[in-house]
Amino acid sequence: MRTELETVLPSRVPNLSLKPITNKAAAAAVQGSDNVIPDTSIQNCSIKDCIQQKLDSLEEADLDQESPFFVADLGSILRQHIRWKTLLPRVEPFFAVKSNPDPMVVKLLASLQCGFDCASKSEIQQVLDLGVDPNRIIYANPCKQASFVRFAAQHNVARMTFDNAEELVKIKRLYPGAELLLRVLTDDSKSLCQLGLKFGAPLENVPHLLQTAKDLELNVVGVSFHVGSGCTSEYAFADALVRARRVFDEAERFGFSPSLLDVGGGFPGADVQDGITFEKVAAVLAPALDTLFPASVRVIAEPGRYFVASAFTLCTHVIARRTVKPQDIRPSNYMYYVNDGMYGSFNCILFDHQKVQPKVLVKDGTFKYDETPIEDGPECSIWGPTCDSIDCLVEKTRLPILDVGDWIYWENMGAYTICAASQFNGFKKTEIIYTNTFGV
């Protein structure tokens, strides 16, 4: 007998190829975004040319000439938007602001009519300040600060999640007109960040929560879930949909009329070419949605990494080199120190379980962006600039011998990097330069 999950999965995964699409409105949105940050311009050139221009502009007399910098490609975000609309047309993306609250990114996605997943008063305020309608915001934090709930009520941000009875009592007191989504626990064992450790109601708790909501005369309008950040199995989405369908049915038995499904995040970025890709997720998610939920049910999602991971490239300066003797404890031949680290843009290593990949940008004054790396260079480790020994970016890799003054670049640095950067040891947050490669 086929399992419940097998009945919603296609017999084979179709070949969903991304067709070339032009989107003049999307391109215009990029060009109209430069007014969100005063004195900020958007270039129209490749990432390579943008980096080259930045390096050429540096002068030794400039006290900040060694500072690290990002190149943010807004065109990459545009291509991801088109890709989403092509492969998951039924699902409305609500960008997870927490993944990268950069003003230019948020402004661009607002111009593209995306919704927003906000987790705090500050994130809600940022989005509202752009003129986004409150109906395009979901306050997707199941456990909320009371003052933040009051703020949401004052600004008509009605849609919010919950996963426990105490939260319902709080919402009844502060925002009885809220539109609630019950966040259900899923199997996130295949994810790097297992959010189920903190959020999500087990299925056995659902009847009690629905009864509590009914007793409090609150409005449960739908169900949400999250398969975990960095999910490694596309089938986790189908399994979560089966659970969500059960909760929909249970809610209807309690007299509610659920009409909204939030399938959360966990979608891979454009950099993922092997294993779980967005195409594979879409090939499982789209047919399962149509099987389990009628067209009358509105479906949204909370992609964050999907939009921004590959849009940001980080360039760092080699500020010091230490030669390691063979008898030293560490096996590396060289230790390189760069001017951004774990307390800055590389916090993703600690908080987001990411493994970063260094590439040589400038060596001996020669620009080497996108050149084939040397595989037989000496072993080395790469460290951040702070005085903390935890500030190790790469424990072991191979690079050609670098000197102080050379540059290293790091791709796919747009998700959960800038947003959690600190100024520990007095180091400034990294500068961002914007370009648009859409159509370049």
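**Group meeting: a walk through the predicted model**

Okay, let's start with two helices. Helix 3, residues 74–87, and helix 4, residues 103–111, have axes that come within 11 Å and cross at roughly 35°. The crossing is right-handed. On the helix 3 side, the contact is made by L74, I77 and L78, and helix 4 brings M104, V105, L108 and L109. If you sort that contact of helix 3 with helix 4 by class, you get seven nonpolar residues, no polar ones and no charged ones. Before I go on, please keep in mind that this is a predicted model.

Let me zoom out for a second. The chain has twelve helices and 20 strands. There are 440 residues in the chain, and buried ones make up 55% of them. What about contacts along the sequence? If you take contacts between residues at least 6 apart in sequence, 72% of them join residues at least 24 apart.

Back to helix 3, because I want to show you Q80, which lies in that helix. Is Q80 buried or exposed? The relative accessible area of Q80 is 4%, and the cut-off for buried is under 20%, so Q80 is buried. And which residues does Q80 touch? Leaving out anything up to four places away in sequence, Q80 touches G269, A270, Y306 and F307.

Those last two, Y306 and F307, take us to the aromatics. A quick reminder: for a pair of aromatic rings, you describe the distance of the centres and the angle of the planes. By the pairing rule used here, the count comes to 15 aromatic pairs. Y306 and F307 form one that is edge-to-face, with 5.1 Å centre to centre and 80° between the planes. Both Y306 and F307 are buried. Now compare F367 and Y369. Their ring centres are 6.3 Å apart and the planes are at 15°, so that pair is stacked. F367 has 19% relative accessibility, and with the cut-off at under 20% it counts as buried. Y369 counts as buried too, at 10% relative accessibility.

There's also an aromatic cluster to look at on screen. W84, F95, F237, F267, F278, Y306 and F307 form one cluster.

Now for the annotated positions, two of them. UniProt, in an unreviewed entry, has the annotation "modified residue: N6-(pyridoxal phosphate)lysine" covering K98. Where does K98 lie? K98 is in the loop between strand 3, residues 91–96, and helix 4, and that's the helix 4 we began with, the one that crosses helix 3. K98 counts as partly exposed, with 33% relative accessibility. As for what K98 touches, not counting residues up to four places away in sequence, we have D117, E123, Y416 and C419.

You'll find C387 in the loop between strand 17, residues 379–383, and strand 18, residues 392–398. Buried or exposed? The relative accessible area of C387 is 78%, and exposed means over 50%, so C387 is exposed.

Conventions: Residues are numbered from 1 along each chain as its sequence is written. This is a predicted model: local features need pLDDT of at least 70, side-chain atom pairs count only at pLDDT 80 or more; totals for chains, interfaces and linings use all residues. Side-chain values use heavy atoms; hydrogens and water are left out. Axes are lines fitted to C-alpha atoms, for helices over the stretch in contact, and angles run from 0 to 180 degrees between N-to-C directions. Helices (H or I, at least four residues) and strands (E, at least two) are DSSP runs, numbered from the N terminus. A crossing is left-handed if the near helix is turned anticlockwise from the far one by less than a right angle, and right-handed if clockwise. Contact means heavy atoms within 4.5 Å. Ala, Val, Leu, Ile, Met, Phe, Trp, Tyr, Cys and Pro count as nonpolar, Asp, Glu, Lys and Arg as charged, and the others, Gly among them, as polar. Buried means under 20% relative accessible area, exposed over 50%, partly exposed in between (1.4 Å probe, protein chains only). Rings of Phe, Tyr and Trp (its six-membered ring) pair if their centres lie within 6.5 Å; planes under 30 degrees apart count as stacked, over 60 as edge-to-face and the rest as tilted. UniProt positions are given in the numbering used here, feature names are shortened, and annotations may be inferred rather than shown by experiment.
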